[in-house]
Amino acid sequence: MFDCLDTTAYSADNASITPVPESLPLTPTALQLARLYPGRSWLCLWPRPGYETQLAKAREVALYLDAEVKKQEDGSLLILDLTLNETLAISQRFGCVLASEALISGASR
């Protein structure tokens, strides 16, 4: 039943396993973004493979709406200070090809 478990004791041989580098880009979680931008609305968009041009179009729309746009290390796009209607419009337009997560603050524009 548990034949996939490694039951060997730790030894110096196990220490030769290459550790995962800490410099890999981390995708910020909703909680981290809420802490980084307290009181601000935000929308984070991630492109699915092959849809990077749609992410660029979403960026242009956000800039047209005078939102603050930040490119994240993981390739996602963070859009700050959108209203509820603007967030819904971008999500509706690009939601079929971009994964998104948003937080709407009552204090935004």
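The dialogue below goes through pairing, core, surface and cysteines in turn.

Mentor: Please keep in mind that this is a predicted model.

Trainee: Let us begin with the strands. In what sense do E1 and E3 pair, and over how many bridges?

Mentor: To read a pairing, one looks for the direction of the two strands and the bridges between them. Here E1 and E3 are antiparallel, with four bridges. Within that pairing, cysteine 44 has leucine 78 of E3 as its bridge partner. Strand E2, residues 68–71, is also joined to E3 by four bridges and again runs antiparallel. Glutamate 68 is found opposite leucine 80 of E3.

Trainee: How many residues lie between the strands in the hairpin of E2 and E3?

Mentor: The hairpin has five residues between its strands, and glycine 75 there adopts a positive phi near 95 degrees.

Trainee: Which residues of the largest nonpolar core touch the most other members?

Mentor: That core has 13 residues, and those with the most contacts to other members are Leu43, Leu45, Ile79, Leu82, Ile90 and Leu98. At least two residues each come from strand E1 (42–47), helix H2 (52–64), strand E3 (77–80) and helix H3 (84–94). H2 gives the largest share, three residues. Another core, of seven residues, lies apart from this one and includes Tyr37, Trp46, Leu78 and Leu80.

Trainee: Which residues make the nonpolar surface patch of about 260 Å²?

Mentor: Leu84, Leu88 and Ile104 make it. Isoleucine 104 is placed in the segment after strand E4 (98–103). Isoleucine 104 counts as partly exposed because its relative accessibility is 37%, which lies between the limits of 20% and 50%.

Trainee: Lastly, how many disulfides does the count give?

Mentor: A disulfide is a covalent bond between the sulfur atoms of two cysteines. The test is whether two cysteine sulfur atoms lie within 2.5 Å, and by this rule the count is zero.

Trainee: Are cysteine 44 and cysteine 96 buried or exposed?

Mentor: Cysteine 44 is buried, because its relative accessible area is 0%. Cysteine 96 has a relative accessibility of 58% and therefore counts as exposed, the limit for that class being over 50%.

Note on methods:
Residues numbered from 1 in each chain as written. Predicted model: local features only at pLDDT ≥ 70, side-chain atom pairs only at ≥ 80, totals over all residues. Heavy atoms only, no water. Buried < 20%, exposed > 50% of the residue type's maximum accessible area, 1.4 Å probe, protein only. Patch = residues over 30% accessible without salt bridge, like charges linked within 9 Å, V, L, I, M, F, W, Y side chains within 5 Å. Areas by Shrake-Rupley, 256 points an atom, 1.4 Å probe, with all protein chains shown as cover. Salt bridge = Lys/Arg side-chain N within 4 Å of Asp/Glu carboxyl O. Core = buried A, V, L, I, M, F, W, Y, C linked by side-chain atoms within 4.5 Å. Pairing = 2+ DSSP bridges.
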